[in-house]
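Me: Hi! I'd like to chat through the aromatic side chains in this one. Can you take a look with me?

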Amino acid sequence: MDKEIKNKLFLAPAAQLDLVKTFECGQCFRWEQDESSVYKGVAHGKALSIWRDGEGIFCDAPESDLSIWRNYLDLETDYDCPAAVFTEPEYLKTCAEYGKGIRILRQEPWEALCSFIISQCNNIPRIKQIIGTLCRLYGEKLDDGIYSFPDARTIAALSESELAPLRCGYRAPYILSAARAVCEGSLDFDALAAMPADDAFTELKRLQGVGSKVASCFMLYGLHRMDSFPIDTWMKKALDRHFPKDYDPAVLGSFAGLAQQYIFFYARTNEEW
DNA sequence: TTCCAGGACCGGG
DNA sequence: CCCGGTCATGGA
């Protein structure tokens, strides 16, 4: 592994960032592990290799990009205090312990919005496959042959037939109209980030193919609004089985979205259904 | 074959 | 407000 590495930059103690959990917990779809357990991905138009070595997490970024990646990986946020609140029901405590080391990535807004539009009524392997094709077809080729996520302007200029190779079915027009809304300025990410949650929610649901769940995911993963609590089929099942009737996730407070991620990850990977 | 996947939308009760 | 059908697609 060391032979080809041009750079080795320390990012964080391994106890603060579990790469496998963070990249495989369902919040993102573009980070892939190679044969030597190095994760490779892209954000802000930059390719990154990141890996664990002993008690540390390292990457190959130049030191001048350190703050970009620490921000993307949300390393400036304390997760121990909010996680310590997730004590009941007992199931939630179990989920929080199981998911320790997950960080909610600060993904780029357009990528998050587009990705979760694609995610609807779809399984994770196929979501990854569709997004991978989208990036290879219309993204920019970076180092290591990795492609960037195509920006909204690029997508907005496409036709529905140009999205046909994605095989994403009825979601294709949703992708196009969302891209056009972003380009025209009728959807403004900065404005959404500054709005009260209810207003941002209403604004997002005006988009075709964006309902409560996709809007919540975008708020959490694209705007890093940690109080957002997306409920999909897995969360429904987990809430139904392990939480009181009419349970209100708002009692989890401003980090409810983190609890949601712990639950989703545990329910999907470590629970029998 | 039917069911399901990080749903949304529309119609009718 | 909730309910059922419908919308592509592919894997189990």
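Me: Which charged residue lies over the face of Trp234 at 5.7 Å from the ring centre?
Reply: That's Arg268. Keep in mind that this is a predicted model.

Me: And what lies over the face of Trp234 at 3.9 Å from the ring centre?
Reply: Lys237 does.

Me: Switching to ring pairs: how many aromatic pairs are there?
Reply: The count comes to 17. One of them is Tyr98 with Phe265: the ring centres are 5.3 Å apart and the planes sit at 35°.

Me: Why is that pair called tilted?
Reply: Because 35° falls between the two cut-offs: under 30 degrees would be stacked and over 60 edge-to-face.

Me: Where in the chain do Tyr98 and Phe265 sit?
Reply: Tyr98 is in helix H4 (residues 90-98) and Phe265 is in helix H13 (residues 256-269).

Me: Is Phe265 buried or exposed?
Reply: Buried, with 8% relative accessibility. Tyr98 is partly exposed, at 28% relative accessible area.

Me: What about Phe189 and Phe218, how are their rings arranged?
Reply: They form a tilted pair, with centres 5.5 Å apart and planes at 40°. Phe189 belongs to helix H9 (residues 189-194) and Phe218 to helix H11 (residues 212-222), so the pair ties together parts 29 residues apart in sequence. Both residues are buried.

Conventions
Residues are numbered from 1 along each chain as its sequence is written. Chains are lettered from A and ligands numbered from 1 in the order in which they are written. This is a predicted model: local features need pLDDT of at least 70, side-chain atom pairs count only at pLDDT 80 or more; totals for chains, interfaces and linings use all residues. Side-chain values use heavy atoms; hydrogens and water are left out. Rings of Phe, Tyr and Trp (its six-membered ring) pair if their centres lie within 6.5 Å; planes under 30 degrees apart count as stacked, over 60 as edge-to-face and the rest as tilted. Helices (H or I, at least four residues) and strands (E, at least two) are DSSP runs, numbered from the N terminus. Buried means under 20% relative accessible area, exposed over 50%, partly exposed in between (1.4 Å probe, protein chains only). A charge sits over a ring if NZ of Lys or CZ of Arg is within 6 Å of the ring centre and within 35 degrees of the ring normal.
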